[in-house]
Amino acid sequence: MTVTIVGSQLGDEGKGGVVDIYGDAVDVVARYQGGDNAGHTVVHDGTKYKLSLVPSGAVRGKIGVLGNGCVVNPETLFDEIDTLRERGLDPDVRVAERAHVILPYHRALDGIEEDEKDDLAAGTTKRGIGPTYEDKAGRRGVRIGDLLEPDVLRERLEYVVPQKKALAEEVFGKETGKAFDIDQLFETYREYGERLANEGMTVDCGTYLQSRIDGGDNVMLEGAQGTSIDIDHGIYPYVTSSNPTAGGATVGSGLGPTVVGQGEVIGIVKAYLSRVGTGPLPTELGGVEGQTPNYDGAAGADGDAEELATYIRDEGGEYGTVTGRPRRVGWLDMPMLRHAARANGFTGLAINHIDVLAGLEEVKVGHSYVLDGEETLTMPPTTEAWGRCEATLETFDGWSNVDWEAVAAEGYDAIPENARAYLEYIADELETPIYAVGVGPGREETVIVEDPYE
Ligand code: GDP
Ligand code: IMO
Ligand code: MG
């Protein structure tokens, strides 16, 4: 059977950790979209692994697959595999021949366009994700399978690279270098193709996964990013360029919707909101320069909200792992979660970071919005309307810090009563049962209520 893990908010909900806690019964973990824009953390025995492209099952020695819906940068993939090997793991990663390749010109163009876009910039990770999916949709992409066939690779590059060079130079007025040099690209990517072939890493993803399922194996489909940054269901244009939602799990893995639908779809929820990037955020607390729209800094800010934001940010470690930039934080947004529950058809919820909110006197949630004078319970379809939404907050009594590892060992009833009231409110509103509650980053700091594989 399959279990699909989907981010229900804006990414970084703790998907990697949930893949890990249920990972024991799993044989194969497949990513179905995105690329090295993801950062999935698994903490085990005090050791922290931050995975960008290698599926999180690698920490437990499970086979990892990058599905056809992914965009793969071979350079970062091999770097990551090599680094994990140096750390004592032995990642067994297969890559779909249908997956698209991120080339250096995609990265260059991602940076160039972000600078150009100004207010419309999503604050991308500059990994070339958007430009690669653009080329996929434009039928001018290079696929993993093409790297194994030098003549095909050459032909593809000769068609596309002059266009990319003209775009960078003539439209954006930038100088281009080796990232746009056909001969250099051909040599480097042909070699990546050889390594992929020599290490037996390429697969026909759907056929491979189906045969594993037919043989009785358990497959986990590991979503990256989150529903509200899905290109169709998210806050366009401040989104990523793929479908993290559960529908993406079928298209991006080659398993049929009935196969994925017979399994479980678990929505991963962070108990508050965090956001790396731009665009509106109705339940935001305080703000962050350069990301919060029209943020005018301490001068115009509400001191209490800023103080709360700093508390949650510090307790939750909500700072960019690469840049150290503070992330935007806010109260839980229920209209966003109702939207996610519907778009994904969640069968269960994993609610993380309950420990981060411990110590607050009151915990609030955005229960509904007021949009142009009307109450609404779900997200409006345009981001402009979302920006006009004012959250109507509900207040819950806070809970104190306790020995969370002991709570995880004892089980759900050991969670402080006020925190349980908060969790049950979320489950009731979404009409979805709670499968797991994260009370800390470690594998031992999760309350498991239901194991989808049992
Ligand atoms: P992902 O992208 O959804 O896999 O999430 P990230 O790994 O980017 O971010 C989640 C962060 O929160 C990581 O540092 C995790 O180790 C940590 N984390 C996950 N679950 C919990 C939890 O329940 N409590 C706390 N305090 N941290 C958690
Ligand atoms: P995980 O899997 C949080 C955000 C970026 C930006 C937008 C588009 O760790 O949850 P992109 O580089 O994808 O074109 O950027 O999406 N973003 C993420 N935010 N977690 C992620 O991944 C993200 N991947 C992309 O900040 O706003
Ligand atoms: Mg992340």
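In this predicted model, strand 11, which spans residues 264-270, is mostly covered, with seven of its seven residues buried. The cover extends to both faces of the strand: Glu-264, Ile-266, Ile-268 and Lys-270 are buried on one side, and Val-265, Gly-267 and Val-269 are buried on the other.

The strands that pair with strand 11 may be considered next. Strand 1 and strand 11 run parallel and are joined by five bridges; within this pairing, Val-6 stands opposite Gly-267 of strand 11. Strand 15, residues 348-352, also runs parallel to strand 11, and five bridges join the two. Here Val-269 stands opposite Ile-351 of strand 15.

These pairings belong to an open sheet of ten strands with mixed pairing, in the order 9-7-5-2-10-1-11-15-19-20. The edges are formed by strand 9 (202-203) and strand 20 (446-448); each has a single partner strand, so one side of each is left without a neighbour in the sheet. Strand 1 also pairs with strand 10, residues 219-222, in the parallel sense and over four bridges.

Ligand 3 is a magnesium ion, coordinated by Asp-12 (OD) and Gly-39 (O) at 2.0 to 2.2 Å. Asp-12 lies in the loop between strand 1 (2-7) and helix 1 (15-21), whereas Gly-39 lies in the loop between strand 2 (28-31) and strand 3 (40-44), so the pair ties together parts that are 27 residues apart in sequence. Asp-12 counts as partly exposed because its relative accessibility is 28%. Gly-39 is likewise partly exposed, with a relative accessible area of 23%.

A backbone N or O atom of Gly-39 lies 2.8 Å from an oxygen atom of ligand 1. For His-353, a polar backbone atom is 2.8 Å from an oxygen atom of the ligand. The side chain of Thr-41 contributes an N or O atom that is 2.5 Å from an oxygen atom of ligand 1. On its own, ligand 1 has 580 Å² of accessible area, and the protein covers 89% of it.

Ligand 2 has a shell of 21 residues, the closest being Lys-15, His-40, Ala-122, Thr-125 and Thr-240. A backbone N or O atom of Ala-122 lies 2.7 Å from an oxygen atom of ligand 2, and a backbone N or O atom of Gln-225 lies 2.8 Å from an oxygen atom of the ligand. Thr-240 contributes through its side chain, where an N or O atom is 2.6 Å from an oxygen atom of ligand 2. The protein covers 97% of the 550 Å² of accessible area that ligand 2 has on its own. Eight nonpolar, ten polar and three charged residues make up the shell around ligand 2.

Terms used
Residues are numbered from 1 along each chain as its sequence is written. Chains are lettered from A and ligands numbered from 1 in the order in which they are written. This is a predicted model: local features need pLDDT of at least 70, side-chain atom pairs count only at pLDDT 80 or more; totals for chains, interfaces and linings use all residues. Side-chain values use heavy atoms; hydrogens and water are left out. Donors are N, O and S atoms within 2.8 Å of the metal (3.2 Å for Na, K and Ca); water is not among the atoms, so sites may look incomplete. Buried means under 20% relative accessible area, exposed over 50%, partly exposed in between (1.4 Å probe, protein chains only). A residue is near a molecule or strand if one of its heavy atoms lies within 4 Å of it. A polar contact is a pair of N or O atoms within 3.5 Å; within protein, one must be able to donate a hydrogen and the other to accept it, and residues adjacent in sequence count only if both atoms are side-chain atoms. Accessible areas come from the Shrake-Rupley method with a 1.4 Å probe; for residues, only the protein chains shown count as cover. Ala, Val, Leu, Ile, Met, Phe, Trp, Tyr, Cys and Pro count as nonpolar, Asp, Glu, Lys and Arg as charged, and the others, Gly among them, as polar. Two strands pair if DSSP finds at least two bridges between them.
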